[in-house]
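This briefing accompanies a predicted model.

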Amino acid sequence: MDQNLNKAIQDKLESAVVKIATTSGIQGTGFFISFDGYVLTAWHCVEEIERMPFSELTIIYNGRESSAEIDPNKSIPEEDIAVLKVDIAAPLCLPLGLIGDNARTEKVIGIGYPAHESNANIGCYPGSISRFDGNKMEVAGAIQGKGQSGGLIYHYESQRVIGVIIELYHASIMRYAGLAARFDSLFGKWPELRQIMVGVEATWKGYLDDLEQEVQPDNTTKITNKNYNIGSIENAIFQDGSKETLKPILPPKNEVFVGRKQELQDLAELAKPNELVIINGIGGVGKTSFAVEYFHKHKKDYDYLAFVAIKSDLKTDFVNAFQAIFDLKFNTISENFQKLLSELNNKSGLLLVDDLQDINDLESNESIKSLTNSFTLLITTRLDVDIKYDKFKFNLGTFSKADALELFLKYYKKESADIDKVLEYLDYHALFVELTAKSLANSNQTVAELLQEFEDGRLAKVRLDRKTDFNVYLNQRFELAALDAEVQEVLIRLSLMPSFAIGFQDLEEYLQQADNKDFWYILVELSDKGWLIKQDKTFKLHQIIKEFLAANYPLVYQDVADIVEFFGNRLYEALSTNPLTGAKYTPFAQAVLERIGFNDDKGDQEIATVYSNLSVIHKHLSNLDKALEFAFKALSIRENVLDENHPDLSTSYAALYYVYQGLGNLNKALEFALKDLEISEKVLDKNHPNLATSNNNLSIIHKDLGNLDKALEFALKALSIRENVLDKNHPDLARSYNNLSIIHQDLGNLAEALEFALKANNIWKEVLDKNHPDLAASYNNLSTINYSLGNLYKALKFALKALNIYEKVLDKNHPDLAVSNNNLSIIHKDLGNLDKALKFAFKANNIWKEILDKNHPNLATSYNNLSLIYQDLGNLDKALDFALKALNIREQVLDKSHPDFAQSYNNLSLIYQDLGNKDKAKQYILKAIGILEFIFPNGHPNLDIYRENLRFIEQD
């Protein structure tokens with residue numbers, strides 16, 4: 001090359017070079033690689049910033065200092081590569097290139113500041129590539145001082161910067177030599193860099209053309225580029241195994257690619273010769289990495305390989321990619337594209353087109369689809385392609401749990417039991433898993449602390465590095481301003497929904513979009529742009545994007561009053577008919593309320609009503625913790641905005657009674673039931689139905705506490721009101737009859753108990769759905785009464801009716817299902833079917849152990865039942881073990897006069913009789929009789945039974 005031309009090229013290269021400085025002084029060299037201020041240097045030149053937070057990082061360019069920041073998401077410390085960002089526009093950027101191992105001995109120049117001094121002069125030193133070692137190259141002659149670290153290695157043949165200087169050898173090893181890092185991993189970690197290089201390369205080529213004209217106007221000596229393609233780094237074609245034995249210039253292999261083994265096998269089945277495969281999936285799921293991995297895995301199977309990334313429009317990007325290779329010289333892009341299609345159809349190989357942005361590029365007359373005549377054509381896109389392409393579509397979903405964990409541990413090396421929960425929260429989304437793992441690796445935060453931030457809704461504030469959190473990152477990646485106003489509004493309303501796949505018709509109803517004829521097309525547009533995950537006719541907003549929208553676009557009641565009222569109405573309708581049907585709406589109503597705040601009386605009261613209804617439905621679903629949470633939320637709002645005697649406040653107290661009664665916390669239940677009654681008596685007419693409900697609630701809690709006289713008193717008050725004001729088939733009247741039936745059972749008045757039970761059952765059969773849980777409860781009650789009357793087969797019939805309904809409508813771990821199984825166990829025991837009795841008893845026990853506190857009274861009842869069955873089976877050791885478990889629970893949670901104590905004592909007395917321990921048997925039966933004499937009148941059947949047991953012990 002002419003010396004004048006060589007000097008002109010070196011001057012241009014030097015104009016992109018900067019000094020790197022920290023608070024400690026000059027650290028090395030760097031150079032601009034993008035017009036928006038990205039600088040490349042060696043990591044060891046800037047690592048002080050990571051160790052010493054007070055240290056400041058700057059670049060010195062043309063004698064002026066500018067602050068800089070490390071971009072940890074692009075830097076590769078393990079390969080000594082650092083990417084910096086500065087707030088100045090670069091005057092000149094240098095194109096980066098990849099080079100094959102066959103380039104050994106070829107000429108290069110190294111440029112940088114060889115001395116660690118602020119006034120050191122820049123140096124430009126010729127040399128050559130002496131050997132390759134993985135992602136490093138050894139360069140002789142071109143590296144002459146430590147301050148050159150971070151400087152560039154420019155390769156004349158390819159007209160690219162091919163390395164960043166990272167090490168100077170000691171003179172005893174090799175004089176003026178050292179190592180430079182190659183860029184394969186950098187392109188893999190920073191996919192957008194390929195597109196950045198398209199513009200940089202074009203500008204650099206323009207500079208070189210101008211220099212040729214200036215230095216050698218007659219063009220007698222050209223800048224050569226033999227064996228190299230001067231197209232985009234990311235858009236290249238080559239013939240593998242040619243006589244020139246070129247190493248391919250490919251999209252760089254991702255060194256941290258993990259998993260997807262099954263998906264790669266499945267893709268290989270589809271990607272047959274001359275086939276089209278469309279790799280479809282949401283943004284960030286890893287389509288490009290997956291396709292590039294397949295590309296590298298199968299490159300030896302093809303004669304020709306080509307790779308094109310679509311960044312502007314397909315024709316332009318294709319033409320730019322192959323301009324130099326096929327000498328495309330027509331005036332228009334369309335003419336050049338037609339020529340290109342013709343040239344490519346004379347080849348045979350594998351073509352990967354990344355990020356197709358317009359489906360018409362497959363359908364127009366000038367279509368790349370024609371290339372399947374010669375190439376296997378792989379296309380990645382986030383577009384939801386038309387159904388006619390279904391046979392060509394390969395949908396790439398989120399990671400499997402195992403693959404997500406593998407990727408996470410690539411960046412975060414510490415094991416933790418909470419990682420699985422973090423990955424589940426991230427929905428196994430590749431990009432978010434990687435970002436989160438890097439965030440943890442770069443911080444002092446534990447996985448448990450991060451998980452707590454997720455659960456507290458503070459994901460937007462999770463830091464990715466010293467200057468960036470998730471919110472900042474997502475603001476850069478997702479631009480809401482790029483959407484038109486109507487699409488923005490729909491997206492923000494979508495953020496009210498929970499983060500799982502929801503059918504189109506449900507979304508249309510829930511978001512009140514039935515009159516929006518464009519709603520479907522808006523959802524598809526949002527899917528195409530990466531905001532939504534679309535699968536068939538369902539749409540899902542990822543949890544992280546949902547939280548990003550919540551952090552940046554707050555909503556209040558007025559913004560979404562129509563949606564809140566919709567869910568309020570649906571929950572109320574469910575409570576009025578069958579509470580279990582409300583389960584369909586609970587996750588949506590909860591998500592809406594979590595998204596909005598409380599800001600005015602009307603809005604707050606509406607929100608409180610929805611919370612209160614959610615509480616009651618969760619109680620029916622046996623989600624008692626959720627029921628309690630929502631009941632207190634409703635109460636908190638109402639106490640803040642309502643008068644102390646407002647009826648809605650009474651409703652909140654009643655809801656809390658209801659939940660605490662289900663939790664077995666009877667004292668708390670009584671406290672809130674009394675608060676409810678106090679307000680009801682003050683503000684309601686003496687015959688108001690709500691006053692009847694308050695009295696009925698107090699009746700139930702007194703029954704549970706064993707205060708049967710009080711229970712009967714309040715039950716009769718409730719019944720009197722309801723019979724005066726309600727229709728004869730009103731469900732609340734049935735509830736009063738059912739409650740009175742249960743109280744009369746406990747009082748031993750079985751005839752009255754049966755009479756009220758049948759009244760309740762007749763109403764419920766008339767007004768309720770045949771699978772309503774209240775009807776099942778009624779059958780259970782009839783079963784219990786018939787059992788007490790000795791009508792075992794009738795008891796069995798009603799118990800099976802109840803179980804049949806519960807198994808259809810309840811969750812497998814619902815407590816009412818446990819009650820039904822327990823009842824069947826008792827009946828089968830008395831029928832002598834001990835194997836069946838034990839089977840049903842353990843079904844009940846397993847449910848209660850799964851859902852109840854270890855000291856819950858129902859668990860004691862279950863243990864007592866198991867004890868009775870094992871007595872009949874003759875296994876007295878097991879019978880005693882379960883009987884003592886039951887007694888231990890009852891001693892901790894029940895009043896000492898509770899009838900369940902009498903049951904436990906009688907049971908233990910019977911076991912000790914069979915064990916021959918008369919003293920203990922008598923001790924326990926006397927305790928049982930003492931309790932029943934205190935709470936029941938003479939003549940109660942259980943009292944008579946226990947006294948008979950005592951006489952038997954004394955006679956024996």
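At 3% relative accessibility, N821 falls under the 20% limit and therefore counts as buried. This residue belongs to helix 31, which spans residues 815-831, and, once residues up to four places away in sequence are set aside, N821 touches L803, F840, K843, A844 and I847. The points below move from the chain as a whole to its sheets, and then to individual side chains.

**The chain as a whole**

- The chain of this predicted model has a secondary structure that comes to 37 helices and 23 strands.
- Of the 956 residues in the chain, 54% are buried.
- Among the contacts in the chain with a separation of 6 or more, 67% are accounted for by residues 24 or more positions apart.
- The accessible surface comes to about 41800 Å², and carbon and sulfur atoms hold 46% of that area.

- Six strands form a closed barrel that runs 7-8-9-12-11-10, with antiparallel pairing, and the twist from one strand to the next averages 45°.
- Strand 8 (residues 123-133) pairs with strand 9 (residues 136-140) in the antiparallel sense over five bridges, and within this pairing I129 stands opposite V139 in strand 9.
- Helix 1 (residues 3-14) packs on this sheet, where it touches strand 7, strand 8 and strand 10, and the direction of the helix makes about 40° with that of strand 7.

**Strand 10 and its neighbours**

- On the side of strand 7 (residues 107-112), strand 10 pairs in the antiparallel sense over four bridges, and V108 stands opposite H155 of strand 10.
- Strand 11 (residues 160-168) is likewise joined to strand 10 by four bridges, the two strands running antiparallel, and here Y154 stands opposite V161 in strand 11.
- Strand 10 and strand 11 form a hairpin with four residues between them, and Q159, which lies in the turn, has a positive phi of about 60°.

- A separate description applies to an open sheet of three strands, whose order is 19-21-20 and whose pairing is antiparallel.
- Strand 19 (502-503) and strand 20 (533-535) are the edge strands of this sheet, each of them pairing on one side only.
- Between strand 19 and strand 21 (residues 538-540), the antiparallel pairing extends over two bridges, and I502 stands opposite F539 in strand 21.
- Helix 17 (residues 519-528) lies across strand 20 and strand 21, and runs at about 50° to strand 21.

**Aromatic rings**

- The count of aromatic pairs in the model comes to 33.
- For F408 and Y412, the ring centres lie 5.8 Å apart, within the 6.5 Å limit for a pair, and the planes stand at 65°, which is over the 60 degrees required, so the pair is edge-to-face.
- Both members of this pair are buried: F408 has a relative accessible area of 0%, and Y412 has a relative accessible area of 7%.
- Ring pairs also link F500, Y510, F566, F567, Y585 and F588 into a cluster.

**Charges over rings**

- The charged end of K797 sits over the ring of F798, at 4.8 Å from the centre of that ring.
- In the case of K839, the charged end sits over the ring of F840, 4.8 Å from the ring centre, and F840 is also one of the residues that N821 touches.

**A buried aspartate**

- D774 lies in helix 29, which covers residues 773-788.
- The relative accessible area of D774 is 15%, which is under 20%, so this residue counts as buried.
- Leaving aside residues up to four places away in sequence, D774 touches R735, W764 and L768.

Definitions and conventions. Residues numbered from 1 in each chain as written. Predicted model: local features only at pLDDT ≥ 70, side-chain atom pairs only at ≥ 80, totals over all residues. Heavy atoms only, no water. Phe/Tyr/Trp six-rings, centres within 6.5 Å; stacked < 30°, edge-to-face > 60°. Buried < 20%, exposed > 50% of the residue type's maximum accessible area, 1.4 Å probe, protein only. Lys NZ or Arg CZ within 6 Å of the ring centre and 35° of its normal. Pairing = 2+ DSSP bridges. Contact = heavy atoms within 4.5 Å. Axes fitted to C-alpha atoms, helices over the stretch in contact; angles between N-to-C directions. Areas by Shrake-Rupley, 256 points an atom, 1.4 Å probe, with all protein chains shown as cover.
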